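Hello,

Here is the structure we talked about. Please open it first, then read my notes below with the view beside you.

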Amino acid sequence: MRAYYSEGGLRKWVSEKWVDIGAPKKNGKYQPCGRSKGSKRKYPKCVPLAKATRMSKGQKASAVKRKRAAGNPGGKPKNVKTFV
């Protein structure tokens with residue numbers, strides 16, 4: 001995430017379609033970001049769809065692995081950088 005955004009840039013960033021790269025569908029598409037209460041899915045690693053399509057298979061696996069290793073010790077989800 002960049003350190004600052006212009007007024008219009010932040011709105012665009014928030015309104016982007018966010019997907020979970022940790023739970024791809026079999027047809028190559030992605031599930032929407034997040035998970036429902038009581039879901040058995042692992043921690044979602046959410047990125048904008050445009051970024052997800054540009055990432056390599058290894059980059060996605062690395063980001064998901066680091067997100068799940070960080071865990072969720074409290075009520076608030078832990079943010080993990082997409083690229084190291």
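The side chains of Thr-82 and Lys-45 are joined by a polar contact of 3.4 Å. Keep in mind that this is a predicted model. Thr-82 sits in the segment after α3. Is Thr-82 buried or exposed? Thr-82 is buried, because its relative accessible area is 14% and the limit for buried is under 20%. Beyond its neighbours within four places in sequence, Thr-82 is in contact with Lys-45, Val-47, Lys-51, Met-55, Ala-63 and Arg-66. Of these, look at Val-47, Met-55 and Ala-63 again when you reach the core, where they are listed as members.

Next, the core. Nonpolar side chains tend to be buried together in soluble globular proteins. Which residues make up the largest nonpolar core here? There are 8 of them: Val-19, Ile-21, Tyr-30, Val-47, Ala-52, Met-55, Ala-63 and Val-64. Strand β1 (18-24) and helix α3 (57-70) each supply at least two residues of this core. Leaving aside neighbours within four places in sequence, Val-19 is in contact with Tyr-30, Val-47 and Ala-52, among others. The contacts of Val-19 also include Cys-33 and Cys-46.

Those two cysteines come next. The structure holds 1 disulfide. Cys-33 and Cys-46 form it, with their sulfur atoms 1.9 Å apart. The torsion about their S-S bond is about 95 degrees, so the disulfide is right-handed. Cys-33 lies in the loop between β2 (30-32) and β3 (46-48), and Cys-46 lies in strand β3, so the pair ties together parts that are 13 residues apart in sequence. Cys-33 is partly exposed, at a relative accessible area of 35%. Cys-46 is buried, at 19%.

Now the aromatic rings. The count comes to 1 aromatic pair. The ring centres of Trp-13 and Trp-18 are 5.3 Å apart and their planes stand at 85 degrees, so the pair is edge-to-face. Trp-13 is partly exposed, with 24% relative accessibility. Trp-18 is partly exposed too, with a relative accessible area of 25%.

Last, confidence. The chain averages a pLDDT of 82, and 88% of the residues score at least 70. Where is confidence lowest in the chain, and where is it highest? Helix α1 (residues 7-15) has the lowest, at a mean of 80, and helix α2 (residues 49-54) has the highest, at 93.

Best wishes

Notes: Residues numbered from 1 in each chain as written. Heavy atoms only, no water. Disulfide = S-S within 2.5 Å. Helix = DSSP H or I, 4+ residues; strand = E, 2+ residues; numbered from the N terminus. Buried < 20%, exposed > 50% of the residue type's maximum accessible area, 1.4 Å probe, protein only. pLDDT = per-residue confidence, 0-100. Phe/Tyr/Trp six-rings, centres within 6.5 Å; stacked < 30°, edge-to-face > 60°. Core = buried A, V, L, I, M, F, W, Y, C linked by side-chain atoms within 4.5 Å. Contact = heavy atoms within 4.5 Å. Polar contact = N/O pair within 3.5 Å; in protein donor to acceptor, adjacent residues only side chain to side chain.
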